[in-house]
Amino acid sequence: MPRSIAVSGPAAFSLVSVALAGIVALALRFGAVSLTGREFIEGLTGAGPEATRFILLELRAPRALMATLVGGGLAIAGAAFQALLRNPLAEPYILGISGGAAVGAVLVLAGGWVTATSFALPIAAFAGATLAILLVFGVALSANRRMDVRILLLAGVVVGAFFSACIALVLAVADAPTVRSAVLWMMGSLSGASWGTLIVVGAYTFPLTIVLLTLARPFNLMAIGEDTATFLGTDVERIKRLAYGSASFVAAAGVAFVGVIGFVGLVVPHAVRFLTGPDHRTLLPLSFLAGAGFLTLADLLARTIIAPAEVPIGVVTAFVGVPFFLVLLRKSLRT
Amino acid sequence: MIFEGHEIIARYSDDRPPALAGISLHVPSSCLYAILGPNGSGKSTLLRALLGSIPLVSGSVVIDGRPLSSWTRRKLAREVGVVTQVESLAFPISVRELVAMGRYPYLGPFERERPEDRAAVVTALDKCEALDLAERDAGSLSGGEFQRVRIARALAQEPQALILDEPTASLDLRHEMVILELLRSSADAGLTVILVTHHIETAARFADRLLLLDRGAVAAEGTAQEVLREDILAGVYRWRVAVRDNPVTEKPSVTPLSR
């Protein structure tokens, strides 16, 4: 296991919070049209021209806030899945949620029922993710109604593989424009963010994040074994269900509205663990903040590198996340 | 605390004989109660049954007059400290943090440790002669050190009862005596201590009452003099033994004879 470099909790919280605020400010100011410092201030206070106000408050603000919500949600869900499955490779999509969501989205796109910008698309994706969540949960509940996390993991991986096959089948028979919009959807994009979608994602993310935060101590206990956790006062079965349900639906809400964005849920919890250690009381909230900052930064890069075109955000998170993670692994070997 | 089991039957698989075949027991307060028996006789399973960790086919467990099912895990963890046979750490954690987990049953989800929690951790570490290990990484401890730390965590729960599965198996002579005398004085101070052990001499010397299990059933129950008899032990362990009083402890001492 990587060792932490033992930054104290309060110091890390201040650091990450300041970084997050700075990134959000940058994400509001820069884009296809970059604003001067003065335009930025005027736009925020409502003193500037209508166009500037529109760019800031109707385009960039919901998009940046969506990135913080989805990034934070994915990171805390990743940390929760790593604790639940006691597996450092776990991430929010490991149990087939992304596969289920993608099947939902690809089916309605290929059927020609919706366009890529329709509000029905996230509903279909969310329905697919929910199907995957319930299916995997049903398989993992054994005869005596206990949830076996090893079976949960295997069932999730297999269900995910099945959904991948379904997607391949649908794409094989779909026409070229449909394939293109389906593939673009699966790579993820925050370009559809609006205040309306933001409220929906927030309504899922905030309550479930608070539920996950209350599980910090039980997660610490489950890291040393389910028996020990039980004897130290944890209703392990209840905690497993709460963790699985909450983390899954946080991830599902994100996937439904912005598509599949990889690496956030895997890399961020590990980076935070490296910074402050494995105590979930620090790890969970700090993962949320760091994930929010990471995805907002990735989205800023995605829409500015080749502006006015956009790089798929999943590409950016991988290009930034993978080298960073590899360096972290090397460092953790040496300490 | 009083532990009662009534006709407990438990099984792990349908095609094998039950692990517990109708066991009844009564453990009074302020008693050091030792559970003995050959490998596979159901000692650990009986502990799991008393703690509600395995489903019972039939029978019941009553703790302090209340059925086990009416205890929440949190309430039970404030009253009963448990030291299981094995435990592995998935993440690096300091000894102090590990023992502080014994205070979790007292804390709300977002509540910080209070001064009395920190004091309980220090007291528990001190009792187990593990205070000097407090800042070490728990993963770097020797087997015996780790065991003392786990017992300290159970004490940090400030329980009314302790349940321990082979707690002294990896301890050296000195630390074995430290722990056994600690358990003895805890029982004298009013705690109920239930101890699974392979060490017959230990049970004879420190326990108030002994329960000898054989293939999931009670072979004998009572004081050391009542349970540790040559005919009973020979039948249960299927090996001839000689039982004499130890001149130092004046308790029964068991010597296995040659085949």
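Is the crossing of α4(A) and α5(A) left-handed or right-handed?

Analyst: Happy to take you through this one; please keep in mind that the model is predicted. The crossing of α4(A) and α5(A) is right-handed.

Let's begin with the geometry of that pair. Helix α4 of chain A covers residues 97–110 and helix α5 of chain A covers residues 120–140. Their axes are 7 Å apart and meet at an angle of about 140°. On the scale used here, roughly antiparallel needs an angle over 145 degrees, so α4(A) and α5(A) count as oblique to each other.

Which residues make the contact? From α4(A) come I97(A), G99(A), G100(A), A101(A), V103(A), G104(A), A105(A), L107(A) and V108(A). They meet a set of residues in α5(A) that includes A120(A), L121(A), A124(A), A125(A), F126(A), G128(A), A132(A) and I133(A). By class, the contact of α4(A) with α5(A) holds 16 nonpolar residues, four polar ones and no charged ones.

Now follow α5(A) itself. With 21 residues at 1.5 Å a residue, α5(A) should span 30 Å, and this agrees with the 30 Å between its end C-alpha atoms. Several of its residues are buried, among them L121(A), P122(A), F126(A), I133(A), V136(A) and A140(A). The buried residues of α5(A) pack against α4, α6 (149–173) and α11 (236–258) of chain A. That gives us two further helices to visit.

First, α6(A), which also packs with α4(A). Here the angle is about 15° and the axes are 9 Å apart. That angle makes α4(A) roughly parallel to α6(A). The crossing of α4(A) with α6(A) is left-handed, while that of α4(A) with α5(A) is right-handed. On the α4(A) side, the contact is made by G99(A), G100(A), A102(A), V103(A), V106(A), L107(A) and A110(A). Their partners in α6(A) are V159(A), G160(A), F163(A), S164(A), C166(A), I167(A), V170(A) and L171(A). The contact of α4(A) with α6(A) divides into 11 nonpolar, four polar and no charged residues. If you have the structure open, look at G99(A), G100(A), V103(A) and L107(A): these residues of α4(A) meet α5(A) and also meet α6(A).

Next, α11(A), which packs against buried residues of α5(A) and has another partner in helix α8 (residues 195–214) of chain A. The axes of α8(A) and α11(A) are 9 Å apart, at an angle of about 160°. That is why α8(A) and α11(A) are described as roughly antiparallel. α8(A) passes α11(A) in a left-handed crossing. Their contact brings together T197(A), V201(A), Y204(A), T205(A), L208(A), T209(A), V211(A) and L212(A) of α8(A) with L242(A), S246(A), A247(A), F249(A), V250(A), A253(A), G254(A) and F257(A) of α11(A). The split by class is 11 nonpolar, five polar and no charged.

Elsewhere in chain A, S287(A) is worth a stop. It lies in helix α13 (residues 280–304) of chain A, and S287(A) is buried because 32 other C-beta atoms lie within 10 Å. Not counting residues up to four places away in sequence, S287(A) touches A75(A), I76(A), A79(A), V268(A), P269(A) and V272(A). Its C-alpha atom is 8.9 Å from that of G73(A), although S287(A) and G73(A) are 214 residues apart in sequence.

L195(B) lies in strand β8 (residues 192–196) of chain B, and it counts as buried with 27 C-beta neighbours inside 10 Å.

Methods. Residues are numbered from 1 along each chain as its sequence is written. Chains are lettered from A and ligands numbered from 1 in the order in which they are written. This is a predicted model: local features need pLDDT of at least 70, side-chain atom pairs count only at pLDDT 80 or more; totals for chains, interfaces and linings use all residues. Axes are lines fitted to C-alpha atoms, for helices over the stretch in contact, and angles run from 0 to 180 degrees between N-to-C directions. Helices (H or I, at least four residues) and strands (E, at least two) are DSSP runs, numbered from the N terminus. Angles under 35 degrees count as roughly parallel, over 145 as roughly antiparallel, 65 to 115 as roughly perpendicular and the rest as oblique. A crossing is left-handed if the near helix is turned anticlockwise from the far one by less than a right angle, and right-handed if clockwise. Two residues are in contact if their C-beta atoms, placed from the backbone, lie within 7 Å. Ala, Val, Leu, Ile, Met, Phe, Trp, Tyr, Cys and Pro count as nonpolar, Asp, Glu, Lys and Arg as charged, and the others, Gly among them, as polar. The expected span of a helix is 1.5 Å times one less than its number of residues. A residue is buried if 20 or more other C-beta atoms lie within 10 Å of its own, exposed if 12 or fewer, and partly exposed in between; C-beta atoms are placed from the backbone.
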